[in-house]
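Subject: Structure handover

Hello,

Below is the structure I said I would pass on. My notes follow it.

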Amino acid sequence: GALSFLGFTAFQSATVYFYTVSEVKQLGPTEEGRIVRVNGKLVQDTFVREESSTVARFMLQDTEGIETISAIHDGVVPSLFFNDHSEIILEGSYGADGVFRSQNVIVKCPSKYIAAG
């Protein structure tokens with residue numbers, strides 16, 4: 001029984017679920033202490049990092065490019081973050097002010113590369 005429980009909990013922690021930008025906006029503010037993941041793409045020309053600071057502000061859009069959300073991240077941002085074809089997963093919380101406060105950035109590398117034409 002104990003081995004089954006350990007296997008089940010390990011499987012659950014290995015599954016990664018994330019919300020789309022529009023789903024996070026529909027759900028509203030995150031409960032205090034709860035961490036959620038949101039998936040999207042960086043809105044071009046929105047990334048701003050204050051000089052001599054680790055705080056970055058940017059916009060994230062859903063994969064259709066319709067809905068957007070403001071985000072703040074304090075820390076290192078992976079270089080793949082700026083690839084037009086990469087999807088980004090932010091882990092953090094969505095505030096009542098409409099800003100997603102990211103604690104972690106995960107960049108999903110594109111599975112297909114588009115040939116230059």
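Predicted model: local features only at pLDDT ≥ 70, side-chain atom pairs only at ≥ 80, totals over all residues.

E50 is partly exposed, its relative accessible area being 37%.

The overall layout

The protein chain contains two helices and seven strands. Read from the N terminus, the order of these elements is α-β-α-β-β-β-β-β-β. The chain has 117 residues, of which 32% count as buried. Its exposed surface comes to about 7800 Å², and 54% of that is supplied by carbon and sulfur atoms. Among the contacts with a separation of 6 or more, 47% are between residues 24 or more positions apart.

The salt bridges

A search of the whole structure gives four salt bridges. Two others are described here.

The side chains of R37 and E91 form a salt bridge with an N to O distance of 2.6 Å. This pair joins distant parts of the chain: R37 sits in strand 2 (residues 36-42) and E91 in strand 6 (residues 87-94), 54 residues apart. On accessibility, R37 is partly exposed, with a relative accessible area of 26%. E91 has a relative accessible area of 14%, and because the cut-off for buried is under 20%, E91 counts as buried.

The side chains of K25 and E67 also meet in a salt bridge, at 3.1 Å from N to O. Here too the link is between distant parts of the chain, 42 residues apart: K25 belongs to helix 2 (residues 21-27), while E67 lies in the loop between strand 4 (55-61) and strand 5 (68-74). K25 is partly exposed at 35% relative accessible area, and E67 is partly exposed at 30%.

- R37 and E91: 2.6 Å
- K25 and E67: 3.1 Å

Regards

Key:
Residues numbered from 1 in each chain as written. Heavy atoms only, no water. Helix = DSSP H or I, 4+ residues; strand = E, 2+ residues; numbered from the N terminus. Buried < 20%, exposed > 50% of the residue type's maximum accessible area, 1.4 Å probe, protein only. Contact = heavy atoms within 4.5 Å. Areas by Shrake-Rupley, 256 points an atom, 1.4 Å probe, with all protein chains shown as cover.
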